[in-house]
Amino acid sequence: MPISNNSLNTPFPITDDHVQQYQHDGHLLVRGLATSNEIAECRPRIQQTLREVSEKKEVQGRIEEYSSLFVLARRFASVAARLMGVKAVRLYHDQALFKPAGGKVTPWHQDQFYWPLETTHTISMWMPLIDLTKDMGTMIFANGSHKDGPLAAVSISEESDRLFRSLLHEKEYPLASYDVRAGDATFHSGWTAHSAHANTSGAIREVLTIIYYADGTRIKEPENEFQKTDMEVFHPGMKPGEIATSALNPVVYSEEDAAENCI
């Protein structure tokens, strides 16, 4: 049976313990956030889009090209809002991250280095579309690193990997990584330092990631060229100081709407 808007709007049980763990560690593993049927229906669309994007030599396909229904799922966004402790969240952007067999380690970095957003309330959902073990390129998180904000003003690279590894050793952050099944999801803060294992398996690592931020967030003056580019691409026509409300950044969950619809 095809998935429906109502299906993806159904609530998911996030407890106070989940919230406390996320806020303490800067990340959380949520088992079974999407069902096997939902993954099975969405996965071919994402694969097809990536094939088309590759043929066009583009960087990334737009969400409506593969599954806006999946990306705009209120269920996922409600978990993001609950973990951050905010009443409403907007979509920042999404990305399909398919790491090929033999793909190298993803260097250590912090996502929010790239974002022109004046808030600490940012979060990324990382959802595998197939079952993954660590040898396929799962995530590695530095527990508690989000509490220290920006650790280094450097983009993802071999340099960032060396610098962050040194900082992680110096600050003695505990590291965490998980085997995950299709439909599980990790959520991590924009300032949580993280990496990903190399893909030493013979299969492609298939992952969909969706980034959210708190509604009411303002665009800040870009601090680097990456933030300037993100402002132009994901907040078209908007300027620093304005509330980030472009058409590309819709509200995907609000506590008020959820109460009205008894989500």
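Trainee: What makes H2 and H5 a contacting pair, and which residues meet there?
Mentor: Contact requires heavy atoms within 4.5 Å. In this predicted model, Asp16, His18, Val19, Tyr22 and Gln23 of H2 meet Arg82, Leu83 and Met84 of H5. Sorted by class, the contact has four nonpolar, two polar and two charged residues.

Trainee: Why are H2 and H5 called roughly perpendicular?
Mentor: Helix H2, residues 16-25, packs against helix H5, residues 74-84, at an angle of about 70 degrees. The class runs from 65 to 115 degrees, and H2 and H5 are therefore roughly perpendicular to each other. Their axes are 8 Å apart, and the crossing is right-handed.

Trainee: How do you know that H5 is largely enclosed by the rest of the structure?
Mentor: Count its buried residues, using under 20% relative accessible area as the limit. In H5, 10 of the 11 residues are buried, so the helix is largely enclosed. Among them are Arg74, Arg75, Phe76, Leu83 and Met84. Just after H5, glycine 85 takes a positive phi of about 75 degrees.

Trainee: Which class does the pair of tyrosine 92 and phenylalanine 234 belong to?
Mentor: That pair is edge-to-face too, at 5.4 Å centre to centre and 70 degrees between the planes. Phenylalanine 234 sits in helix H7 (residues 225-234), 142 residues from tyrosine 92 in strand S2. Ring pairs link Tyr92, Trp115, Tyr213 and Phe234 into a cluster. The count of aromatic pairs comes to seven.

Trainee: Why is tyrosine 92 called buried?
Mentor: Its relative accessibility is 1%, and the limit for buried is under 20%, so tyrosine 92 counts as buried.

Trainee: Does that rule put leucine 168 among the buried or the exposed residues?
Mentor: Buried, because its relative accessibility is 8%. Leucine 168 lies in helix H6, residues 158-171. Leaving aside neighbours within four places in sequence, leucine 168 is in contact with Trp108, Ala142, Tyr173, Leu175 and Ala193. Its C-alpha atom and that of asparagine 143, 25 residues apart along the chain, are separated by 9.8 Å.

Trainee: What makes glutamate 172 exposed?
Mentor: Exposed means over 50%; glutamate 172 has a relative accessible area of 66%, so it is exposed. Glutamate 172 is placed in the loop between H6 and strand S6 (175-177). Its phi is near 60 degrees, a positive value in a residue other than glycine. Most residues other than glycine have a negative phi.

Trainee: Why is valine 105 called partly exposed?
Mentor: At 40% relative accessibility, valine 105 counts as partly exposed, because that value falls between the 20% and 50% limits. Valine 105 is in the loop between S2 and strand S3 (106-109). Not counting residues up to four places away in sequence, valine 105 touches Lys99, Arg165, Ser195, Ala196, His197 and Ala198.

Trainee: And what makes serine 254 buried?
Mentor: Its relative accessibility is 12%, which meets the limit of under 20%. Serine 254 is in strand S10, residues 251-254, and touches Lys87 and Ala88, not counting residues up to four places away in sequence.

Conventions: Residues numbered from 1 in each chain as written. Predicted model: local features only at pLDDT ≥ 70, side-chain atom pairs only at ≥ 80, totals over all residues. Heavy atoms only, no water. Axes fitted to C-alpha atoms, helices over the stretch in contact; angles between N-to-C directions. Helix = DSSP H or I, 4+ residues; strand = E, 2+ residues; numbered from the N terminus. Parallel < 35°, antiparallel > 145°, perpendicular 65-115°, else oblique. Left-handed = near helix turned anticlockwise from the far one by under 90°. Nonpolar A, V, L, I, M, F, W, Y, C, P; charged D, E, K, R; others polar. Phe/Tyr/Trp six-rings, centres within 6.5 Å; stacked < 30°, edge-to-face > 60°. Buried < 20%, exposed > 50% of the residue type's maximum accessible area, 1.4 Å probe, protein only.
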